[in-house]
Amino acid sequence: MGTLNELIHQPLRLRLMAVLVALQPDAQIGFTALRDLLELTDGNLGAHLRKLEEAGYVAVTKTFVARKPQTFLSATPLGRQAFAEHVAALEVILQTGKPTEQKPAGG
Amino acid sequence: MSMTPEEAQASLQAIQQVACQTRQTLYRKTGYFPIIWGLAWGGGFLSYQYLPFLPASILWIALLVVGGIASGIVGARVEQQVRSTNGNRINLFFAVLMGYTYLGFWIARPLSVQQMELLLTLAVMFGMIGAGLWLKVSALIGFGVVVSALAVVGYYTLPAYFGLWMAVLIGTTFIGTGLYQLRCGQ
């Protein structure tokens, strides 16, 4: 049974992780594409990404594309596992009507 | 923190919505690839059906070059949004597969136009099945098997119209797949 994850539970980070997990495991999304997809500002997205990166859920790769610096993002295996556990916990709540144990942020 | 079933449902719906939106937005543009190759290959097969060998061969080479350039442009645009190591490996795999296929043609010459058309199609479908097995995409495997089977059936039952058969088969399946991807982002 999965446990609710406080870090992922935050609505914006939930959507952010949902985007990253929807990508193929070997794929990375550009910062600009992610920002446009979620309709966020650079600062807002950056702040949430930092928290997820600190928890080890998101990998950040900085590179150059056509001589322009670009940042690409992907969910780490740990992030995918944490997200899957969070989704499993949500499904249990939906099925049983009872809340499950909550995992502390970053855990 | 406790969560009500209603909140859990809302979260699950949000996840599903965002995941769907992600696939539609990011993967939709890859639908241009099968359209480009459906047009290039369809045109190539038609040329062998209705033109003499030499002009048909020149036209097909020109179509392959144009298809390659168009794919490169689309690929560069897609890669600004999403990049994938498997995608690059699969492109390289197909390039190697084509190299070996044309080497096989050279070694086995002389081959009839129909034999080359069939073997080229089977090589590409072999690549698609391999890519499907690698990426665990059953649609790619099914596509490769069905098109291979129909190509072989056409080779033995419609030898006089094989180029036309292949143009219709490859053109409709590739372009149809691309249009579906553009619409649904799958």
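Biologist: Which residue takes a positive phi in the hairpin of S3(A) and S4(A)?

Modeller: That's A:Ala66, with phi near 50°, in a hairpin that has 2 residues between the strands. Before we go on, this is a predicted model, where local features need pLDDT of at least 70 and side-chain atom pairs count only at pLDDT 80 or more, while totals for chains, interfaces and linings use all residues. Residues are numbered from 1 along each chain as its sequence is written, and chains are lettered from A and ligands numbered from 1 in the order in which they are written.

Biologist: Fine. How many bridges do S3 and S4 of chain A pair over?

Modeller: 8, in the antiparallel sense, with S3 covering residues 58-65. One of the pairs is A:Thr63 with A:Gln70 in S4(A).

Biologist: What's the strand order in the open sheet?

Modeller: S3(A)-S4(A)-S2(A)-S1(B), 4 strands with antiparallel pairing. S3 of chain A and S1 of chain B stand at the edges with a single partner strand each, so one side of each has no neighbour in the sheet. Neighbouring strands are turned by 30° against each other on average, direction ignored; the axes behind that are lines fitted to C-alpha atoms, for helices over the stretch in contact, and angles in general run from 0 to 180 degrees between N-to-C directions.

Biologist: And which residues are the bridge partners of A:Ile29?

Modeller: In S4(A) the partner is A:Leu73, and in S1(B) the partner is B:Val82. S2(A), residues 27-30, is joined to S4(A), residues 68-75, by 2 bridges, and S2(A) is joined to S1(B) by 3. Both pairs run antiparallel. A:Gln28 stands opposite B:Arg83 in S1(B).

Biologist: Switching to the core. Which residues have the most contacts inside the largest nonpolar one?

Modeller: A:Met17, A:Ala18, A:Val19, A:Leu20 and A:Ile29, in a core of 33 residues. H1 (6-9), H2, H4 (42-54), S4 and H5 of chain A and H1 of chain B each supply at least two of its residues. H2(A) gives the most, 8 residues. A nonpolar core is a set of buried Ala, Val, Leu, Ile, Met, Phe, Trp, Tyr and Cys residues joined through C-beta atoms within 7 Å. Buried takes 20 or more other C-beta atoms within 10 Å of a residue's own, exposed takes 12 or fewer, and partly exposed is in between, with C-beta atoms placed from the backbone.

Biologist: What does A:Leu20 touch?

Modeller: Leaving out residues up to four places away in sequence, A:Leu20 touches A:Ile29, A:Val58, A:Leu73, A:Ser74, A:Ala75 and A:Gly79. Contact means C-beta atoms, placed from the backbone, within 7 Å.

Biologist: Now chain B. How many helices and strands?

Modeller: 7 helices and 1 strand, in the pattern α-α-α-β-α-α-α-α along the sequence. The C-alpha atoms fill a box of roughly 75 × 35 × 25 Å along the principal axes. Of the 186 residues in chain B, 25% are buried; for the 107 residues of chain A the figure is 35%.

Biologist: Which residues of H1(B) are buried?

Modeller: B:Ala8, B:Ser11, B:Ile15, B:Val18, B:Thr22, B:Leu26 and B:Tyr27. The buried residues of H1(B) pack against H2 (11-22), S2, H3 (31-38) and H5 (77-96) of chain A, and against H3 (53-81) and S1 (82-84) of chain B.

Biologist: Last one: how many residues of chain B are in contact with chain A?

Modeller: 24, and they meet 26 residues of chain A. H1, H3, S1 and H4 (85-108) of chain B each supply at least two residues of that side, and H1(B) brings the largest share, 14 residues.

Conventions: Pairing = 2+ DSSP bridges. Contact = placed C-beta atoms within 7 Å.
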